[in-house]
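Dear colleague,

I am handing over the structure that we spoke about, and below it you will find my notes. Please read them with the structure open beside you.

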Amino acid sequence: SKPLAIKMCLQRARSESYLATLSRRIRLNWDAFTAKPELLVWGMTPESLQETATQQLSPSELETFAKRALVWKHRAIVQEEAELADVDPLEVAAKVADSYDSAADLYQRVFAGEQTEAFTALCRATCDAVRRPLLQGSHSKHTLVTEGQLMSRTTVDIETLDFGLFSSRPLPRRLFVECIPVFWVMLLSMWPTLLSNFLKLLWCVPILED
């Protein structure tokens with residue numbers, strides 16, 4: 001089974017001295033590798049996964065494991081961008097990690113210097129690249145979505161929301177979107193006062209001349 005094959009891959013990877021040395025260089029502990037095991041083998045066919053689980057891992061495969069574990073260690077950025085683009089965060093994380101030549105290169109260029117802005121930009125560009133074929137596929141199929149289907153996709157159980165508006169522990173950008181109804185209410189409450197003050201500025205009083 002796939003879970004068993006993934007577990008065997010992890011056991012083989014843990015026994016490799018190459019990975020142990022690499023992990024020390026990029027400051028990764030073993031928990032980073034076990035946080036999302038399916039990410040490490042993302043994109044593998046069942047046949048290649050079984051082959052990897054039963055054979056010695058190559059340095060390139062160990063580098064891939066380390067790069068993906070390092071990206072997932074900073075998964076907050078990946079998950080936020082993937083949620084906004086409505087794409088699979090695992091696919092985004094895998095593609096971002098694979099865009100670097102090595103784990104050391106990823107660590108030095110992004111995380112050692114704390115250049116999170118460049119990493120965020122890369123995640124956003126990767127999300128766009130992942131989402132583009134999905135959009136093209138949906139347009140080519142000319143599928144018709146009924147109003148009921150659309151409502152079923154967007155309906156949220158009010159009981160799960162705080163004050164009927166906010167999801168539990170939302171990311172900053174999602175929180176901003178969820179605050180839009182609050183902004184509208186504030187604008188509506190401010191409008192009478194603002195309009196009154198504006199009209200007072202335009203009010204003209206006639207001045208009698210002798």
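Glutamate 80 is found in helix 7, which spans residues 75–85, where helices (H or I, at least four residues) and strands (E, at least two) are DSSP runs numbered from the N terminus. Glutamate 80 is buried, with a relative accessible area of 15%, and buried here means under 20% relative accessible area, with exposed being over 50% and partly exposed in between (1.4 Å probe, protein chains only). Leaving aside residues up to four places away in sequence, Glutamate 80 touches Leu171, Pro172 and Arg173, a contact being heavy atoms within 4.5 Å.

Please keep in mind that this is a predicted model, in which local features need pLDDT of at least 70 and side-chain atom pairs count only at pLDDT 80 or more, while totals for chains, interfaces and linings use all residues. Residues are numbered from 1 along each chain as its sequence is written, and side-chain values use heavy atoms, with hydrogens and water left out.

As for the whole protein chain, there are 13 helices and zero strands, and 30% of its 210 residues count as buried. Among the contacts in the protein chain with a separation of 6 or more, 74% come from residues 24 or more positions apart.

The axes of helix 1 (residues 2–14) and helix 5 (residues 46–54) come within 8 Å and cross at roughly 40°, the axes being lines fitted to C-alpha atoms, for helices over the stretch in contact, with angles from 0 to 180 degrees between N-to-C directions. On the helix 1 side, the contact is made by Lys2, Ala5, Ile6, Met8, Cys9 and Arg12, and on the helix 5 side by Leu49, Gln50, Thr52, Ala53 and Thr54.
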